[in-house]
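Morning, everyone. Please bring up the model on your screens, and I will walk you through it.

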Amino acid sequence: MAAAGALPCPEAGADAFHVRGGELWCEEVPLASLAARFGTPLHVYSAATMDERLARVQLAFGTGANVCYAVKANPNLSLLARMHARGAGFDLVSGGELHRLAAANVPASRSVFAGVGKEPWEIEAAVAAGLLFFNVESPHEVPLLAAAAARHGSRIRVALRLNPDVAAGGHSYISTARKGDKFGVAIDVAAPIVESIVREPSLHLCGYHVHLGSQVLRPEPYGEALAKVAAFVDGAALRREGVTHYDLGGGFGIGYGRGHALDVDAVARSVLPTLRSRGWTPVVEPGRYLVGDAGVLLTTVLGEKRQGGTDFVLVDAAMNDLLRPALYQAEHPIVAVRPRDGARREVDVVGPICETSDFLGRRRALPPCRAGDLLAVLSAGAYGASMASNYNTRRRAAEVLVDGGAVRLVRRRETFPQLFANEVHLDDESDGTVR
Ligand code: LLP
């Protein structure tokens with residue numbers, strides 16, 4: 001990455017994406033070569049960036065900590081295998097994600113399983129998987145879990161997810177720990193739920209879990225939440241007996257081109273003294289922080305038009321490939337892969353989908369571009385591919401992992417037959433016909 005002539009790409013949030021010879025590279029590979037080889041839209045991930053971020057979190061929280069990568073941020077099997085090989089466990093929120101671990105050949109023993117509504121089969125599967133612990137989010141889960149554990153003849157570790165009523169910032173759709181949010185159990189009603197867990201012989205209350213929300217940029221809310229949990233735990237001996245873990249959740253924010261990432265060391269400094277004094281092992285669940293800046297979405301310019309005073313750049317990626325701008329008004333930096341000479345002008349970068357919400361960026365200063373040029377939507381490694389859909393019967397994009405000069409296709413572009421595979425023709429009487 002420190003190759004001769006390499007210049008930083010200041011909007012990128014990770015050094016792996018840099019400019020060499022006037023064009024954007026990922027590690028030792030020019031992005032244009034990937035577009036030529038695999039087509040666009042294309043998700044490209046930098047392995048070095050993921051490794052570096054994981055190491056940074058591991059270092060901040062110390063060797064004893066469990067860093068559980070939040071699978072939902074980017075569940076690609078190759079990414080999971082790589083994270084596992086570098087010491088990560090996983091934060092799971094569905095039986096489907098448990099299936100993913102198995103498909104990636106990764107054990108569940110360092111993983112935690114949260115989820116505001118778990119189906120009976122998911123509880124069963126989580127018990128069978130032998131997790132680090134299971135996060136209880138509602139009182140009704142306790143008897144279901146106890147029964148499943150008893151059927152398996154095991155005693156399973158359980159953490160109670162508390163809702164500490166802390167506003168951590170970030171978009172309201174992804175804030176999870178305010179009083180009115182659906183997640184966890186409010187502290188003022190948690191006492192009888194703790195008692196119900198402790199009463200079950202097949203359950204072992206091993207800790208508490210809090211997840212404040214996503215894209216948190218200040219360290220203070222993590223300390224605030226822990227202080228509230230600690231005060232609750234100090235209210236009765238049975239709330240702390242056998243407790244070994246505190247899971248402070250994820251939500252570690254990144255800069256999205258503006259450079260204000262969460263100071264993870266400051267989060268660690270704010271919680272570790274309390275955790276050490278109580279003998280509690282920290283668990284953290286970052287998703288975006290580990291993979292967000294590691295990914296870009298490459299897209300090809302299809303054409304341009306000017307309308308109602310707006311210059312539109314029409315591209316082949318759309319809200320089905322990256323939903324965040326449409327859903328959360330998220331702003332991902334967008335840069336030209338091989339910027340042309342000429343004055344920058346303000347444009348809206350929009351996809352082909354039949355919705356006005358289908359934009360990747362609005363009011364962006366871009367150099368002149370023509371059909372066939374490549375743009376890179378930056379910091380798209382988290383909640384990009386993972387939230388992709390087939391809307392407008394579009395195939396989900398391919399995904400590529402770059403590791404130094406090595407390139408691996410880690411997900412093929414979908415095919416149209418795959419898109420229709422589960423649909424049943426009306427004249428097909430072998431399936432789905434009710435007479
Ligand atoms: N732990 C739990 C219990 C979670 O619910 C989440 C995210 C995480 C950890 C990881 O959060 P992260 O570190 O990635 O911020 N689609 C949204 C984000 C939704 C996050 C949902 N839960 C987005 O694109 O911003």
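**Hairpin, domains, cores and ligand**

Let's start at a turn. Strand 21 and strand 22 make a hairpin, with two residues between them. In that turn, Gly404 has a positive phi of about 65°. Strands here, like helices, are DSSP runs numbered from the N terminus: E of at least two residues for strands, H or I of at least four for helices.

Now the ground rules. This is a predicted model, where local features need pLDDT of at least 70 and side-chain atom pairs count only at pLDDT 80 or more, while totals for chains, interfaces and linings use all residues. Residues are numbered from 1 along each chain as its sequence is written, and side-chain values use heavy atoms, with hydrogens and water left out.

Strand 21 and strand 22 (residues 406–411) run antiparallel, joined by five bridges. Two strands count as paired if DSSP finds at least two bridges between them. Val400 faces Leu409 of strand 22.

Is Gly384 buried or exposed? Gly384 is buried, because its relative accessible area is 0%; the cut-offs are under 20% for buried, over 50% for exposed and partly exposed in between, with a 1.4 Å probe and protein chains only. Setting aside neighbours within four places in sequence, Gly384 contacts His43, Asp321 and Leu322. Contact means heavy atoms within 4.5 Å.

Compare Thr300, in strand 15 (residues 295–307). Thr300 has 17% relative accessibility, so Thr300 counts as buried too. Beyond four places in sequence, the contacts of Thr300 include Thr40, Asp316 and Leu374.

Four strands form an open sheet in the order 1-2-3-4, with antiparallel pairing. Strand 1 (7–8) and strand 4 (29–30) are the edges, each pairing on one side only. Two bridges link strand 1 to strand 2 (residues 17–20). Pro8 has His18 in strand 2 as its bridge partner.

Domains now. The assignment gives domain 1 (7–46 + 293–420) and domain 2 (47–290). Those bounds come from an automatic or database domain assignment. The C-alpha centres of the two domains are 32 Å apart. How many residues of domain 1 are in contact with domain 2? The count is 27 residues of domain 1, against 23 residues of domain 2.

What about the packing? The largest nonpolar core has 84 residues. A nonpolar core is a set of buried Ala, Val, Leu, Ile, Met, Phe, Trp, Tyr and Cys residues joined through side-chain atoms within 4.5 Å. Phe61, Leu160, Tyr208, Tyr246 and Phe252 touch the most other members. Domain 1 and domain 2 each supply at least three residues to this core. A separate core holds 26 residues, including Cys9, Val29, Leu42 and Val337. Leu160, from the largest core, has contacts beyond four places in sequence that include Val136, Ile193 and Tyr208.

Last stop, the ligand. For Arg324, a side-chain N or O atom is 2.5 Å from a ligand oxygen. Gly251 uses a backbone N or O atom, at 2.8 Å from a ligand oxygen.

That's the tour. Questions, please.

Notes: Polar contact = N/O pair within 3.5 Å; in protein donor to acceptor, adjacent residues only side chain to side chain.
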